[in-house]
Amino acid sequence: MTTDIRSLTAPAAFASTNDADDTEAAAPHNETDTSPFGPHMSRRRRVIWAIVGVAVLIAAVVITWVASRREVTAVEGHNHVAPQAAAAATPVMISGDVARRIGVTYAPVIMAPLAREIRTVGQVTFDETRLTSVSPRIDGWVEQLYVNFTGQFVRRGDPLFSIYSPMLVTAQEELVLARRLAVDVSSGTPEAARGATDLVAAARRRLLYWDVPDADVARLEATGEVQRTVTLRAPVSGYVVDKPVLAGQQIMAGTAVYKIADLSVVWVEGDVFEQDIGLVRVGQRVTVEVEAYPGERFNGRVEYVNPTLNADSRTLRVHVHLANPGLRLKPGMYATILLTETAGGPVMSVPRSAVLETGTRALVFVKRSDGMLEPRAVVPGAANADRIAIVSGLSPSDSVVASATFLIDAESNLKSVIDAMAGMPGMDTVPPKPGTTAPAKAPVMKPPMRKPDDDKHADHRR
């Protein structure tokens, strides 16, 4: 027996309902209508069901959001596959045309002593062992200057200045009196003659200790004439590099009046970086270049190595002893110091461009017999301007990539990333067979399954 749908809903349209908030609806005419959402539902029940529906909807949204966050976290947690693959480069094959296009060249591993050259900036200065300070040993006043400007050349024994000193006048008078006494007692007892002679010797020694020249002392003993001023002379030959005194100036004992430098030999002072200290030693032969004489090199040797390191610049000061014929090298000139040192024995070395250093590793690409370029980790050692020593990781029979190493490394890392992603879902990188095309499959939409007790007219009502 078939029941018309309109016969079930018609009575409900004319049913009276109570609009009070707390009053339940009348019983439906059709006792088979057990749906809680029927037209006879009270307002309170409708509100309750609405609240329940909203709560279920919110719970579904929260559950969906949490599930999606877990999936994102899981995906991010597995992203370390690509970086690991990138860090581990794989062998690559480069064709001859591509190698020529990007400039790939190869070089053999060489076993030979590695000569290292250190270049550092220096400055020409005075040889400190050839500097002389002229300082009088008595107090007095400068009467006259015979060398009156800086840079003047003086020879040993040349007069520098004359000084008036009451102490010198007194010492001269004592020598004259001692000489007269020695003459007077020469015919007396031996003890008196010996005492007078000792007094003359003491007076003469005092003048000599005060840098009075021997010729002036001899003249004083011969003539007996006391001089008001005494002339002091240059103790060495050289150039006056400092003159802080003026004529008429009072000076005290120990005051530096002149500074004389022998410039026939000069020093070149330079700083060597900490990593190159092991290559510098006293007596080592070096060459020096200066801008004043381009293309010309001066030969010298390391005279002194400072025992302490400069903590700020991390450098060590060295002094190079350099002959200066013709005084061509002037103190204050800038210079370039070149120190060449050869390592002890033969070492494996490759061109510097062959080693790719990233801070945490050092790689070279070795050309195998099958033509593959294999990345290999090495331990680099000492280096010069052209080559770098390899402590371990290579053998003398290997051949390495000498140029375009960075491009080869990028290709190797890209290949390793692609190989690592090949095993991931949806990342099948196997190419299709020639002559075939893999069409994209459209998804098949299956009809929803229907239970036996479902209303077959529900689709029509929708």
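**Charged pairs, strands and buried side chains**

Modeller: Gladly, and keep in mind that this is a predicted model. Let's start at Arg328, which is partly exposed, with a relative accessible area of 30%.

Colleague: How many residues apart in sequence are the parts tied together by Asp262 and Arg130?

Modeller: These two form a salt bridge, with the closest N and O atoms 3.0 Å apart. Asp262 belongs to the loop between strand 12 (258-261) and strand 13, while Arg130 belongs to the loop between strand 4 and strand 5 (131-134). Asp262 has a relative accessible area of 24% and is partly exposed, and Arg130 is partly exposed at 32%. The pair therefore ties together parts whose separation in sequence is 132 residues.

Colleague: How many salt bridges does a search of the whole structure find?

Modeller: One of them joins the side chains of Glu303 and Arg301, at 3.3 Å from N to O. There is also a network of salt bridges linking Arg368, Asp370, Glu374, Arg376 and Asp398. For the whole structure, the search gives 18.

Colleague: Is His319 buried or exposed?

Modeller: His319 is part of strand 16 (residues 315-323). Leaving out residues up to four places away in sequence, His319 touches Trp267, Val268, Glu269, Arg301, Val302, Glu303 and Tyr304. The relative accessible area of His319 is 8%, and the cut-off is under 20%, so His319 counts as buried.

Colleague: Which side chain makes a polar contact with the side chain of His319?

Modeller: Arg301 and Glu303 are among the residues that His319 touches, and each is partly exposed, with a relative accessible area of 33% for Arg301 and 33% for Glu303. The polar contact in question has a distance of 3.3 Å, and the partner is Glu269.

Colleague: What is the distance from Lys243 to the nearest side chain of opposite charge?

Modeller: Lys243 lies in the loop between strand 10 (238-242) and strand 11 (250-251). Its contacts, leaving aside neighbours within four places in sequence, are Leu145, Val147, Asn148, Phe149, Thr150, Val257 and Tyr258. A polar atom of the Lys243 side chain lies 2.8 Å from the backbone oxygen of Val245. Lys243 is buried and has no salt bridge, with Asp242 as the nearest side chain of opposite charge, at 8.3 Å.

Colleague: Which strands are the edge strands of the open sheet of 4 strands?

Modeller: The order in that sheet is 9-8-6-11, with antiparallel pairing. Strand 6 (residues 140-145) is joined to strand 11 by 2 bridges, and Gly140 stands opposite Ile251. Helix 5 (residues 166-184) packs on the sheet and touches strand 6, strand 8 (159-164) and strand 9, its direction making about 85° with that of strand 8. The edge strands, each pairing on one side only, are strand 9 (229-233) and strand 11.

Colleague: How many bridges join strand 4 to strand 17?

Modeller: Strand 4 also has 5 bridges to strand 13 (residues 265-273), running antiparallel, and there Val124 stands opposite Val268. Towards strand 17, Arg119 stands opposite Leu338. Strand 4 (residues 115-126) and strand 17 (residues 334-342) run antiparallel, and the number of bridges is 9.

Colleague: Which residue in the turn between strand 20 and strand 21 has a positive phi?

Modeller: Strand 20 (residues 362-367) and strand 21 run antiparallel and are joined by 5 bridges, with Val366 and Glu374 as bridge partners. Strand 21 (residues 372-377) also pairs with strand 1 (residues 92-93) over 2 bridges. The hairpin of strand 20 and strand 21 has 4 residues between them, and the one with a phi of about 90° is Gly371.

Notes:
Residues numbered from 1 in each chain as written. Predicted model: local features only at pLDDT ≥ 70, side-chain atom pairs only at ≥ 80, totals over all residues. Heavy atoms only, no water. Buried < 20%, exposed > 50% of the residue type's maximum accessible area, 1.4 Å probe, protein only. Lys, Arg positive; Asp, Glu negative; His and termini not counted. Salt bridge = Lys/Arg side-chain N within 4 Å of Asp/Glu carboxyl O. Polar contact = N/O pair within 3.5 Å; in protein donor to acceptor, adjacent residues only side chain to side chain. Contact = heavy atoms within 4.5 Å. Pairing = 2+ DSSP bridges. Axes fitted to C-alpha atoms, helices over the stretch in contact; angles between N-to-C directions.
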